[in-house]
Amino acid sequence: MSNVYYDTIDKMEKDNVNHEYVTGWATGFLHSPKIEEQCITKAYDAGYQDGLDQKTDGFTSWAGK
């Protein structure tokens with residue numbers, strides 16, 4: 001696995017990014033299935049899409065939340 005995954009997770013944790021966004025991002029980045037539909041939040045969904053797109057800078061609007 002590349003360092004992109006670990007470096008991005010580390011950066012998000014240090015920036016206090018919303019936990020649901022981080023979880024969604026990691027799930028999407030690894031191309032894992034989404035969580036159950038009733039548990040999906042806006043933060044998770046945004047993170048999941050950014051992870052699928054391999055975006056490493058989309059989390060700034062979720063920092064400190």
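**Notebook: Asp50 and its surroundings**

I started with Asp50 and, leaving aside its neighbours within four places in sequence, I found it in contact with Tyr21, Trp25, Lys55 and Gly58. A reminder to myself: this is a predicted model.

**Entry 1: Where Asp50 sits**

I looked up the element next, and Asp50 belongs to helix 3, which covers residues 42-52. Is Asp50 buried or exposed? Its relative accessible area is 10%, and because the cut-off for buried is under 20%, I noted Asp50 as buried. Then I checked what its side chain reaches: a polar contact of 2.5 Å links it to the side chain of Tyr21.

**Entry 2: Over to helix 2**

Tyr21 took me to helix 2, where it is one of the buried residues. Trp25, another contact of Asp50, is on that list of buried residues as well. I wrote down the rest of the list too: Val22, Gly24, Ala26, Thr27, Gly28 and Phe29. How many of the 11 residues of helix 2 are buried? Eight are, so this helix, residues 19-29, is largely enclosed by the rest of the structure. I also asked what its buried residues pack against; they pack against helix 1 (3-14) and helix 3.

A general point I keep handy: an α-helix has 3.6 residues a turn, so residues three or four places apart point the same way.

**Entry 3: The two ends of helix 2**

At the start of helix 2, I found a side-chain oxygen of Asn18 within 2.7 Å of the backbone nitrogen of Glu20. Just after helix 2, I came to His31, which has a positive phi of about 55°.

**Entry 4: Stepping back to the whole chain**

I counted the elements of the protein chain: three helices and zero strands. From the N terminus on, their order is α-α-α. The radius of gyration is 11 Å, close to the 11 Å the globule rule gives for 65 residues, so the chain is as compact as a globular protein of that length. Along the principal axes, the C-alpha atoms fill a box of roughly 30 × 25 × 15 Å.

I then looked at burial and found that 35% of the 65 residues count as buried. For contacts between residues at least 6 apart in sequence, I noted that 48% join residues at least 24 apart.

**Entry 5: Surface and charge**

The chain exposes about 4200 Å², and carbon and sulfur atoms supply 49% of that.

Methods
Residues numbered from 1 in each chain as written. Predicted model: local features only at pLDDT ≥ 70, side-chain atom pairs only at ≥ 80, totals over all residues. Heavy atoms only, no water. Helix = DSSP H or I, 4+ residues; strand = E, 2+ residues; numbered from the N terminus. Buried < 20%, exposed > 50% of the residue type's maximum accessible area, 1.4 Å probe, protein only. Polar contact = N/O pair within 3.5 Å; in protein donor to acceptor, adjacent residues only side chain to side chain. Contact = heavy atoms within 4.5 Å. Rg over C-alpha atoms; globule rule 2.2 N^0.38 Å. Areas by Shrake-Rupley, 256 points an atom, 1.4 Å probe, with all protein chains shown as cover.
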